Protein chains: 2
Amino acid sequence: VSTNGGPLTRAGKTVGILIYPDAEVLDFCGPYEVFATTRLDEDTRRESESPIRQLLVAESKEQVRTSGGLRMLPDADFATCPELDMLLVPGGHGVRALMHQPEYLDWLKRMAPHMDRLASVGAGSLLLAEAGLLIGKTATTHFHSVDFFRERFPSTSLLPELSMVVDGNITTASSIRAGMDMALYLVAQIYGHSIAREAARQMEYPYPDEQNFRPRNGK
Amino acid sequence: VSTNGGPLTRAGKTVGILIYPDAEVLDFCGPYEVFATTRLDEDTRRESESPIRQLLVAESKEQVRTSGGLRMLPDADFATCPELDMLLVPGGHGVRALMHQPEYLDWLKRMAPHMDRLASVGAGSLLLAEAGLLIGKTATTHFHSVDFFRERFPSTSLLPELSMVVDGNITTASSIRAGMDMALYLVAQIYGHSIAREAARQMEYPYPDEQNFRPRNGK
């Protein structure tokens, strides 16, 4: 495979998806669907489950009103969230409010060092940056957030013309569509292209071409 | 505009989205995002709301576990659902169970005559067919359901090679991706292409080309 995430595995992974008020629905439901649709064995698709266990994580276990008012129930809160292999931070109108909430920033700082991978979609990269996780790194963000990002985080090299940027174990995607491509990229990185390709096929979603899967690295 | 849904409007619309156990998340979150992202005036995008009010409708108001275990809270149940301008029925592994549940079929039969539009994504068309709403009509469905659909509903002309089929006021889409294209088509039909195009742009989602927006009609 052309991805550079080390040896492939068949091990189960636990992915946390951060949800919060006014998180953009497709920023997290797109990747969620990709991960949920992943199967290690295509022949037993219907009877088997994804190797990726997903947890919606929120500050508390109360219902969360995401964009447009869609109400979700989180699976875990900050206090009880188990160890994660990966965390995905979606964007949305609500993200800027989180940048002033120490609960979110402290939780991110506490969890990040123990995870194999961190990912964001759209303006979600603002929260990673605010938590100090993108210092000296390269990232992308939603096109509406470019000026704000550059002004506030001059120590991050922002490449908004790229739909996906991989820098070490942090992957940022610019938007909804890019977030789904990124999720397929992450599945390919962990389990290989053929498994990621089957997930895309099941969704009748176009598998990103090699070009999209070879994002320029930050450094 | 090239769509044929009658004169354009600026009126608000109420769209119901049916959710049920194991409904496919992106089958309904894709269109949901399109409708939620729609604005009549681009200049006031952030401060204003979509002209499309969306209600997740379920059999009861209890939480619903959709595909992969994502838990949603419905906005309305069958007993209290207000009048709808449009209903969207998503597909998913859970849809076949509904075909044997009179509560769902009766509700669909009761609501359908009072709506301007009916839409389904993926295997959702099976439920419309089971409720007798596709007799003598043309439709599409998820590629996994083609044989089953044809055997059970011989009086419906199935065109699974089309990603979207419009037959009168019923629009069916084959899959997740097609469901998002269909939602953009419906927005264009109601409010015009320029408004639908702005919703797509906001999502960085490719606006379907004219070809996709000119699905062959059933008759």
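Predicted model: local features only at pLDDT ≥ 70, side-chain atom pairs only at ≥ 80, totals over all residues.
Let me begin with chain A, where an open sheet of 7 strands runs in the order S5-S2-S1-S6-S7-S11-S10 with mixed pairing; strands here are DSSP runs of E with at least two residues, helices are runs of H or I with at least four, both numbered from the N terminus, and two strands pair if DSSP finds at least two bridges between them. At the edges of that sheet stand strand S5 (76-77) and strand S10 (164-167) of chain A, each with a single partner strand, so one side of each is left without a neighbour in the sheet.

Residues are numbered from 1 along each chain as its sequence is written, chains are lettered from A and ligands numbered from 1 in the order in which they are written, and side-chain values use heavy atoms, with hydrogens and water left out.

Within the sheet of chain A, strand S1 (residues 13-18) and strand S2 (residues 52-58) pair in the parallel sense over 6 bridges, and A:Val15 has A:Gln54 as its bridge partner in S2(A). Chain A has 7 helices and 11 strands in total, and its C-alpha trace spans about 50 × 40 × 30 Å along the principal axes. With 219 residues, a compact globule would have a radius of gyration near 17 Å, and the 16 Å of chain A agrees with that; the radius is taken over C-alpha atoms, and the globule rule is 2.2 Å times the number of residues to the power 0.38.

Which strands, then, make up the sheet in the order S3(A)-S4(A)-S4(B)-S3(B)? It is an open sheet of 4 strands with antiparallel pairing, and strand S3 (64-65) of chain A and strand S3 (64-65) of chain B stand at its edges, each with a single partner strand, so one side of each is left without a neighbour in the sheet. S4(A) and strand S4 (residues 71-73) of chain B pair in the antiparallel sense over 2 bridges, with B:Met72 in S4(B) as the bridge partner of A:Met72. On the chain B side, S3(B) and S4(B) run antiparallel and are joined by 2 bridges, and B:Val64 stands opposite B:Met72.

Turning to the interface as a whole, the contact (heavy atoms within 4.5 Å) takes 35 residues from chain A and 35 residues from chain B. The two chains bury about 3,400 Å² between them, 54% of it on carbon and sulfur atoms, where buried area is the accessible area (1.4 Å probe) lost on being put together, summed over both parts. In chain A, the residues that lose the most area to chain B are A:Arg71, A:Leu73 and A:Glu204, together 18% of what that side buries.

Finally, there are 2 salt bridges between chain A and chain B, a salt bridge being a side-chain nitrogen of Lys or Arg within 4 Å of a carboxyl oxygen of Asp or Glu. The side chains of A:Asp75 and B:Arg71 meet in a salt bridge at 3.7 Å, N to O.
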